[in-house]
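Look at the sequence and the model below, and keep both in view while reading. The text walks from the overall layout to single residues.

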Amino acid sequence: MKKVMKTVSEPSSSCKHNWKYSYYSGQTIGFRCTKCEQEKERPTTASEKYLIREDMKKKDDTHKIYHKFVKKFQDVIGNYKLHGYDLICSVEKWAKRYPTVTIVSCDDNYFMGSDLVFIPHEELNNYTGVTVIFIPQRGNEPSEFFLYPGHAVELLKTMKNIVSASKNIKNKEWSPIK
Ligand SMILES: [Zn+2]
């Protein structure tokens, strides 16, 4: 998206910091302040749409692996082709081809072994964040969320706090720190 970031004009903003291209969602284009993290969006212009389309065609696309995931596991309107255990097995097999994709085990709300799939959006000089896909084993529709680098740091901090607080729990069987 580097070429696009250089060519789009920034929205008029209340702060005097640098604003960066943040996301594109077809009809709108989003910007984010690099310092105070305000966000703004405005309609995408025709020339931007063209540039973004051209940019997405490029092989070394930041969102390449995520797009491959979507293409393989979802139909044209975004519904998953497989669910539950079948999807988990299929995604685990697919992920072996992508060393940057990580799978972490978790439980769904029926206490059945499920997967969290982490797909980074990155290329050589650009890192946008990570998509996390929750695939419950008991057949419900998977859900996903996206973490910008700042959100990932917050999540990391929260998990570290929770895990270190569990050191004080008397029942060691449930504590991740032995
Ligand atoms: Zn700012």
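The secondary structure of this protein consists of five helices and seven strands. Here helices (H or I, at least four residues) and strands (E, at least two) are DSSP runs, numbered from the N terminus. Along the sequence they follow the pattern α-β-β-β-α-α-α-β-β-β-β-α.

The model is predicted: local features need a pLDDT of at least 70, side-chain atom pairs count only at pLDDT 80 or more, and totals for chains, interfaces and linings use all residues. Residues are numbered from 1 along each chain as its sequence is written. The score pLDDT is the predictor's confidence in each residue, from 0 to 100. The protein averages a pLDDT of 83, and 83% of the residues score at least 70. Over residues 1–7 pLDDT stays under 50, and for this stretch the model has 15 contacts beyond four places in sequence. Two residues are in contact if their C-beta atoms, placed from the backbone, lie within 7 Å. Among the contacts in the protein with a separation of 6 or more, 30% join residues 24 or more positions apart.

Three strands form an open sheet in the order 1-2-3, with antiparallel pairing. Strand 1 and strand 3 are the edge strands, each pairing on one side only. Neighbouring strands of this sheet are turned by 30 degrees against each other on average, direction ignored. Such angles run from 0 to 180 degrees between N-to-C directions, and the axes are lines fitted to C-alpha atoms, for helices over the stretch in contact. Two strands count as paired if DSSP finds at least two bridges between them.

Strand 1 (residues 19–24) and strand 2 (residues 28–33) run antiparallel and are joined by five bridges. In this pair, Tyr24 stands opposite Ile29 of strand 2, and Tyr23 stands opposite Gly30 of strand 2. Strand 2 also pairs with strand 3 (residues 39–43), again in the antiparallel sense and over five bridges. There, Thr28 has Pro43 of strand 3 as its bridge partner. The hairpin of strand 2 and strand 3 has five residues between the strands, and in it Glu37 takes a positive phi near 60 degrees.

Ser14 lies in the loop between helix 1 (2–7) and strand 1. Is Ser14 buried or exposed? Ser14 counts as exposed because it has 8 C-beta neighbours inside 10 Å. The rule is that a residue is buried if 20 or more other C-beta atoms lie within 10 Å of its own, exposed if 12 or fewer, and partly exposed in between, with C-beta atoms placed from the backbone. Ser14 and Gln38 are 24 residues apart in sequence, and their C-alpha atoms are 9.4 Å apart in space.

Four strands form an open sheet in the order 4-5-6-7, and the pairing is antiparallel. Its edge strands are strand 4 (102–107) and strand 7 (143–147), each of which pairs on one side only. Neighbouring strands here are turned by 25 degrees against each other on average, direction ignored. Five bridges hold the antiparallel pair of strand 6 and strand 7, and Phe134 has Ser143 of strand 7 as a bridge partner. Helix 4 lies across strand 4, strand 5 and strand 6, at about 35 degrees to strand 5.

Which residues make up the largest nonpolar core? The 11 residues are Tyr66, Phe69, Leu87, Ile88, Val91, Val101, Val117, Ile119, Val130, Ile133 and Ile135. At least two residues of this core come from each of helix 3 (64–73), helix 4 (84–95), strand 5 (113–123) and strand 6 (126–135). A nonpolar core is a set of buried Ala, Val, Leu, Ile, Met, Phe, Trp, Tyr and Cys residues joined through C-beta atoms within 7 Å. In soluble globular proteins, nonpolar side chains tend to be buried together. Not counting residues up to four places away in sequence, Ile133 touches Val117, Pro142 and Glu144. Of the 178 residues of the protein, 16% count as buried.

Phe111 sits in the loop between strand 4 and strand 5. Phe111 is exposed because 9 other C-beta atoms lie within 10 Å. Although not a glycine, Phe111 has a positive phi of about 60 degrees. Most residues other than glycine have a negative phi.

Helix 5 (residues 149–165) has 17 residues and reaches 24 Å from its first C-alpha to its last, close to the 24 Å expected at 1.5 Å a residue. That expected span is 1.5 Å times one less than the number of residues.
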